[in-house]
Amino acid sequence: MIFTFMFLLREAWLNGFRQRLMILACVTTTAVALTTLGGFALLAWHVHLIADALPRRIEVHIFVRPTVPRTRVNELMAALQRSQGVSRVRLVPREIAWQEFKKSWPGPDVLDGLNDNPLPDKIEVVTTSPDRTLTLAREVRAWPESESVRDGAQVLQRLLAVAGFIRAGGLIAAVLLALGAAWMVGNAIRLTLHARRRDIRVMQLVGATNAFIRLPFIIEGTTAGTIGGVLAGALLAAGLTHLSNTLLPEIPLVSELQLAIDPTLVGGSLAIAGAVLGLTGSIVSVRRYLTLD
Amino acid sequence: MKLAHVSLQHARGALALEDVSFKVEPGEFVFLIGQTGSGKSSLLKILNRELKPTGGEVWVDGTEVTSLHRRGVPSLRRKLGVVFQDFRLLPDRTLFENVSFALRVIGVHGKPLNQRTIEALDRVGILPRARMFPHQVSGGEQQRAALARAIVNRPQLLLADEPTGNLDPETSRGIMDLLLEINCSGTTMLIATHDQPLVDAVGRRVLELQGGRLVRDEAQGGYDSAEIQQDLEELHPATGGSGAVKGSEPG
Ligand SMILES: Nc1ncnc2c1ncn2[C@@H]1O[C@H](COP(=O)(O)OP(=O)(O)OP(=O)(O)O)[C@@H](O)[C@H]1O
Ligand SMILES: [Mg+2]
């Protein structure tokens with residue numbers, strides 16, 4: 001059994017070597033497809049993370065003008081607490097926000113010139129319904145003490161629209177590319193089958209079973225797919241590490257987040273995705289083009 | 001092995017076989033002769049299910065071949081050894097690999113694989129050529145490699161299509177002796193050939209096809225039928241066919 005498998009592995013390797021250009025094309029296509037797929041998945045995931053950090057659908061965040069004294073802030077909070085449709089009111093004091101911000105800032109040198117805390121106090125209000133969120137937001141925007149108001153519904157809606165777009169567009173692109181990759185693998189296997197039709201015929205005539213004849217081709221396709229997946233994983237992990245070190249800290253909101261990438265996880269899942277693509281492509285091709293009997 | 005009323009119509013061709021019936025007992029050595037296009041290759045291909053006849057029944061070792069399910073075909077072919085008319089050696093493998101291939105396919109590996117391959121190559125006398133590729137050896141050597149591949153899995157029935165085609169008489173005789181020797185160890189033989197002198201010299205059972213019909217079945221025949229040989233002997237007593245001539249005998 002083991003020996004037979006070794007023989008089949010060697011056969012797969014020989015097939016692959018004879019068709020190395022095709023295999024290269026397979027690997028490349030799979031890699032491109034999976035990089036795109038992985039890229040979109042990670043983008044969607046991060047948009048999701050950003051959305052998580054923003055006010056919820058039933059939250060209103062009020063940024064109080066820095067000139068307003070803390071006592072007035074407390075009065076405002078008490079008023080909010082008393083008003084209808086409000087379930088919770090919380091203060092995020094500017095000192096704490098400032099500390100958090102300084103901690104998350106990668107290079108402290110930029111902030112050295114800023115001794116004063118430029119951040120405002122923030123009042124987070126949780127309402128009982130999304131409708132109340134909207135009316136409350138309108139009310140507090142009229143306050144002279146409020147500098148800016150973020151209401152969850154608005155921001156989140158916009159973000160969700162973006163996320164939805166990314167997700168849908170990414171999904172379509174990724175599915176198309178994945179199909180393309182599987183098709184490439186299938187096609188490469190078809191060419192290999194054609195190139196090896198004499199061997200296949202002889203194998204059949206000396207009594208080889210279909211499984212025995214098919215396996216090398218399936219191994220070949222699966223391997224090509226897996227290599228493509230690993231390449232995609234490596235590419236993506238490298239690219240994201242680069243991004244998170246250079247570009248991302250410059251973007252507001254995103255800079256507050258840790259990039260949640262585990263390179264081995266990304267690489268691993270893309271390798272598995274590649275294997276599945278290769279397996280599917282080669283099985284379909286072998287079933288279709290390997291004439292039996 | 002038995003054929004009953006077998007006929008074969010090629011896809012776009014003439015009737016290649018028509019109502020052919022005969023029986024071969026285990027261990028027999030049978031020549032299948034006939035003019036080119038008379039259906040010899042077609043008949044052999046029916047036996048290993050390369051072709052399906054359009055009518056009749058074919059029995060090999062208790063299995064009815066024509067109705068055999070696709071999954072059963074590999075096990076049928078493992079009982080058979082076939083020397084193809086066009087050898088069908090794989091050009092990118094050495095003779096050793098070509099022969100051992102037939103064993104790989106049925107799951108033999110390691111030491112037994114090497115041993116049996118070497119044995120088969122040695123038996124047909126091309127062991128010194130084991131590491132060569134088919135294009136590096138002569139036609140006769142290729143033919144012997146094809147024979148080695150056919151016998152390496154110790155088949156019950158050996159089908160050989162023109163195993164001495166394109167060979168000089170001496171080499172042909174050598175191959176034929178080899179076939180007889182293999183037959184002695186119990187393998188049933190069905191050999192399609194044009195090789196008149198050889199058929200005459202060996203003097204074994206002869207089946208003759210003519211335009212797809214079985215026209216002769218002689219237990220110890222010559223290439224020409226007994227009557228013709230008698231005529232020939234009357235004309236040229238010295239050059240008559242060799243071997244005892246008996247009357248035809250149904251299979
Ligand atoms: N694949 C095919 N399609 C159509 N006709 C075929 C096919 N193979 C063989 N034939 C026809 O069937 C008939 C028998 O062919 P076959 O090859 O069995 O003859 P043969 O006796 O082996 O001849 P030879 O001695 O030349 O090898 C011939 O008329 C041939 O043209
Ligand atoms: Mg023929």
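Modeller: Start with accessibility in this predicted model. A:Arg90 has a relative accessible area of 39%, so this residue is partly exposed, the class between the 20% and 50% cut-offs.

Colleague: Which residue forms a salt bridge with A:Arg90?

Modeller: The general idea is a distance test: a side-chain nitrogen of Lys or Arg must lie within 4 Å of a carboxyl oxygen of Asp or Glu. Here the partner is A:Glu124, and the closest N and O atoms are 3.2 Å apart. The two belong to distant parts of the chain, with A:Glu124 in strand S3 (residues 122-127) and A:Arg90 in strand S2 (residues 86-92) of chain A, 34 residues apart.

Colleague: Is A:Glu124 buried or exposed?

Modeller: A:Glu124 counts as buried because its relative accessibility is 14%, and buried means under 20%.

Colleague: What does B:Arg154 pair with?

Modeller: B:Arg154 forms a salt bridge with B:Glu119, with 3.7 Å between the closest N and O atoms. This pair also links distant parts of its chain: B:Arg154 sits in the loop between helix H5 (139-151) and strand S7 (157-161) of chain B, while B:Glu119 is in helix H4 (residues 110-123), 35 residues apart. B:Arg154 is exposed, at 54% relative accessible area, and B:Glu119 is partly exposed, at 48%.

Colleague: Where do B:Glu218 and B:Arg216 stand, buried or exposed?

Modeller: B:Glu218 is buried, with a relative accessible area of 3%. B:Arg216 is buried as well, at 9%. Their side chains meet in a salt bridge with an N to O distance of 2.2 Å.

Colleague: Which residues do salt bridges with shared partners join into one network?

Modeller: That network holds A:Glu11, A:Arg196, A:Asp199, B:Asp92 and B:Arg93. Over all chains, the count is 26 salt bridges.

Colleague: Where in chain B do B:Ser41 and B:Gln85 lie?

Modeller: B:Ser41 is in helix H1 (residues 40-47), and B:Gln85 is in the loop between strand S6 (80-83) and helix H3 (95-104), 44 residues apart. B:Gln85 is partly exposed, with a relative accessible area of 44%.

How values were computed: Residues numbered from 1 in each chain as written. Chains lettered and ligands numbered in written order. Predicted model: local features only at pLDDT ≥ 70, side-chain atom pairs only at ≥ 80, totals over all residues. Heavy atoms only, no water. Helix = DSSP H or I, 4+ residues; strand = E, 2+ residues; numbered from the N terminus. Buried < 20%, exposed > 50% of the residue type's maximum accessible area, 1.4 Å probe, protein only.
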